[in-house]
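I opened my notebook to look up a few things in this model. Here is what I wrote down.

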Amino acid sequence: MTQKVAVLGTGKIGEALLSGMIRGGWAPADLLVTARRAERAEELRTRHGVTPVTNAEAAKTADTLILTVKPQDMGTLLDELAPHIPSDRLVISGAAGIPTSFFEARLAAGTPVVRVMTNTPALVDEAMSVISAGSHASEADLAHTEEIFGSVGKTLRVPESQQDACTALSGSGPAYFFYLVEAMTDAGILLGLPRDKAHDLIVQSAIGAATMLRDSGEHPVKLRENVTSPAGTTINAIRELENHGVRAALIAALEAARDRSRELASGSSNK
């Protein structure tokens with residue numbers, strides 16, 4: 001792989017992406033990184049053999065730029081990069097809520113931009129990365145983006161109009177599962193189990209359930225019904241979940257996340 005790829009603003013997700021790319025065959029010499037702190041940049045060089053550069057140097061020399069800074073910092077970064085990015089560079093944004101048009105308006109005319117929403121399971125090569133093309137992105141640009149993000153999990157192409165929904169569902173999705181595991185662990189303690197045993201029981205159950213969903217091809221309703229015996233323990237638990245409006249609360253939560261993504265896109269808040 002001879003193309004140079006630069007990751008700008010390399011935090012945990014950016015580092016996970018670098019690590020996955022190296023395992024996938026990219027040469028560390030072809031990977032550039034930028035970081036706000038010099039110590040962080042040196043840490044990345046030591047750990048992965050990549051080359052720390054300035055944002056301007058990355059823009060001038062890399063064939064592909066992956067922007068992983070926070071949404072509220074993206075405008076400032078683009079102001080710094082714009083004078084140095086030729087229109088044939090591929091720009092990949094990993095910022096929640098910011099549309100490709102935001103980048104296209106600030107970069108040279110015709111610059112290809114691809115929007116990606118990934119999630120924290122990238123840290124364990126189980127990410128779900130959702131990819132959308134900007135106005136000037138080609139099939140080759142999308143395929144290259146898939147190759148990069150495929151190194152840390154699965155990828156899915158969607159129209160950009162669906163990105164806010166995907167951000168709510170999969171971008172933030174791991175947090176909902178962690179929240180559920182936290183609540184179930186507390187319940188296990190209330191029922192008399194030590195915390196470590198409750199944790200192990202729930203985590204393995206979650207892994208097993210997720211694997212069945214992925215591999216069986218069955219609808220989740222069917223899989224749930226297979227566990228639910230008439231007048232048994234599971235149906236009693238499901239009844240309580242329904243009585244407490246858990247399904248409605250989840251739907252409302254995802255709508256709130258989607259709405260927040262739209263707020264970020266419109267620039268109505270900087271937080």
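I call a residue buried under 20% relative accessible area, exposed over 50% and partly exposed in between, using a 1.4 Å probe and protein chains only. By that rule Phe 103 is buried because its relative accessibility is 0%. Phe 102, at 22%, counts as partly exposed.

Before going on, I noted that this is a predicted model, where local features need pLDDT of at least 70, side-chain atom pairs count only at pLDDT 80 or more, and totals for chains, interfaces and linings use all residues. Residues are numbered from 1 along each chain as its sequence is written, and side-chain values use heavy atoms, with hydrogens and water left out.

Next I looked at the rings. Rings of Phe, Tyr and Trp (its six-membered ring) pair if their centres lie within 6.5 Å; planes under 30 degrees apart are stacked, over 60 edge-to-face, the rest tilted. I found one aromatic pair. Phe 102 and Phe 103 make it, edge-to-face, with 5.8 Å between centres and 80° between planes.

What lies over the face of Phe 102? I found Arg 106 there, 3.6 Å from the ring centre (the rule wants NZ of Lys or CZ of Arg within 6 Å of the centre and within 35 degrees of the ring normal).

Then I turned to strand β4, residues 64-67 (strands are DSSP runs of E, at least two residues; helices are H or I, at least four; both numbered from the N terminus). Thr 64 and Ile 66 point one way, Leu 65 and Leu 67 the other, and all are buried. Strand β1 (residues 5-8) runs parallel to β4, joined by four bridges (pairing takes at least two DSSP bridges).
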